[in-house]
Amino acid sequence: LRPGVTIRHDQREMRVVLFAIAVAAIAATLMVTLSHASNLPVLPNELSISVEINNLQDGYSVEIQQTLDITGKRLRFRRQLPSRTLYGIVDYNSLDNYSWDPFIPSCNRTALDPNGFNPFSNDGKPVTPGELFGFGGDEVETYMGTGEARGILCDVWMGTFNRTRRNPPRFHLTQQLVNITYYWSVPDWKFGGNPGGQVPIEAHISGTEKDLETGEVRPVEQVLSFSNYSPVQQPADEYTPPDYCFANCMTGCSGHGRCNM
């Protein structure tokens, strides 16, 4: 693929998880012999990844470790808060949302709104892994050549997205117009512990979002950094909350001896 060549996709709403993708400023193209990708990178249906989200417009950063089962429509996360670490499981099949602190220990369970925001659904249709990350979805992605991010030689892709969706935390109908630049390691770059394939490295999102219910317009400036990428199937108990998330029961217990809630 030559710089400037574009790839078009079927029109479908772009979904972004906790973590939407696009990339930071990069250095000049590196003159090396490593090959670049001929097609858009492909993500697996199950993966684990850490995301550092830097919100430039608000002046704060947050790091989230996520494990995703896209076919199963569920995710597990670990988020570092100022005074503690919060763990959670969100299951869009059972509509259960668990969060807990293992050092207290305490657990909170809430029910998801079946008609609310669902990152695993595109108007009732399952999303692809790329769509969940906001990559390979709507509009056009353009291959820009190779560049460096965090010292790693990357394939650079750029896209512009105009999307309308309900965003947390208020879940108002919001229109976003953003430019996205993606940095993926070139296919020949090696990572210890990674079985192979291109790896997301960094992303930058720049644009505006308009709250269609209040009329408020605010800038969107985010730099995302990805690490600890593991495209492998997770253990079966990865999406099982700890025992103290369930009340003790004498009757009406489920097969695992916990109360049905």
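**Salt bridges and their surroundings**

Author: The structure, which is a predicted model, holds 6 salt bridges.

Reader: Which residue forms a salt bridge with Arg-109?

Author: The partner of Arg-109 is Asp-96, and the closest N and O atoms of the two are 2.6 Å apart.

Reader: Is Asp-96 buried or exposed?

Author: Asp-96 is buried, because its relative accessible area is 14% and the limit for buried is under 20%. Arg-109 is partly exposed, with a relative accessible area of 30%.

Reader: And which side chain does Asp-69 meet in a salt bridge?

Author: Asp-69 meets the side chain of Arg-74, at 2.8 Å from N to O. Asp-69 counts as buried at 6% relative accessibility, whereas Arg-74 is partly exposed at 26%.

Reader: Which residues are linked in a network of salt bridges?

Author: The network links Asp-58, Glu-209 and Arg-218. Within it, the side chains of Arg-218 and Glu-209 meet at 3.3 Å, N to O. Glu-209 counts as buried, with 15% relative accessibility, and Arg-218 is partly exposed, with a relative accessible area of 26%.

Reader: Let us turn to the aromatic residues. How many aromatic pairs does a search of the whole structure find?

Author: The search finds 3 aromatic pairs. One of them is formed by Tyr-87 and Trp-100, which are stacked, with 6.3 Å from centre to centre and 15 degrees between the planes. This pair links distant parts of the chain, as Tyr-87 is in strand β5 and Trp-100 is in strand β6, 13 residues apart.

Reader: Why is that pair called stacked?

Author: The pair is stacked because planes under 30 degrees apart count as such, and here the angle is 15 degrees.

Reader: Is Trp-100 buried or exposed?

Author: Trp-100 is buried, with a relative accessible area of 4%.

Reader: What about Ser-99: in which strand is it found?

Author: Ser-99 is found in strand β6, which covers residues 96–101. Leaving aside neighbours within four places in sequence, Ser-99 is in contact with Leu-86, Tyr-87 and Gly-88, and also with Ser-106, Cys-107 and Asn-108.

Reader: How far apart are Ser-99 and Arg-109 in space?

Author: Their C-alpha atoms are 6.6 Å apart, while in sequence Ser-99 and Arg-109 are 10 residues apart.

Reader: Where does Thr-85 sit?

Author: Thr-85 is in strand β5, residues 85–91. Thr-85 is buried, with a relative accessible area of 13%. A polar contact of 2.8 Å joins its side chain to that of Gln-80. Beyond neighbours within four places in sequence, the contacts of Thr-85 include Arg-78, Arg-79, Trp-100, Asp-101 and Pro-102.

Reader: Which side chain makes a polar contact with the side chain of Gln-65?

Author: That is the side chain of Ser-48, at 2.7 Å. Gln-65 lies in strand β3, residues 60–69. Once neighbours within four places in sequence are set aside, Gln-65 is in contact with Ser-48, Ile-49 and Ser-50, and with Arg-76, Phe-77 and Arg-78 as well.

Reader: Now the chain as a whole, please. What does its secondary structure come to?

Author: The protein chain has 1 helix and 14 strands. Of its 261 residues, 47% count as buried. Among contacts between residues at least 6 apart in sequence, 58% join residues at least 24 apart. The chain exposes about 13300 Å², and carbon and sulfur atoms supply 50% of that area.

Reader: Finally, what pLDDT does the protein chain average?

Author: The average pLDDT is 76, and 70% of the residues score at least 70. Over residues 5–34 the pLDDT is below 50, and this stretch has 119 contacts in the model beyond near neighbours in sequence.

Reader: How should I read such a stretch?

Author: Where pLDDT is low, the predicted coordinates should not be read in detail.

Terms used
Residues numbered from 1 in each chain as written. Predicted model: local features only at pLDDT ≥ 70, side-chain atom pairs only at ≥ 80, totals over all residues. Heavy atoms only, no water. Helix = DSSP H or I, 4+ residues; strand = E, 2+ residues; numbered from the N terminus. Buried < 20%, exposed > 50% of the residue type's maximum accessible area, 1.4 Å probe, protein only. Polar contact = N/O pair within 3.5 Å; in protein donor to acceptor, adjacent residues only side chain to side chain. Contact = heavy atoms within 4.5 Å. Phe/Tyr/Trp six-rings, centres within 6.5 Å; stacked < 30°, edge-to-face > 60°. Salt bridge = Lys/Arg side-chain N within 4 Å of Asp/Glu carboxyl O. Areas by Shrake-Rupley, 256 points an atom, 1.4 Å probe, with all protein chains shown as cover. pLDDT = per-residue confidence, 0-100.
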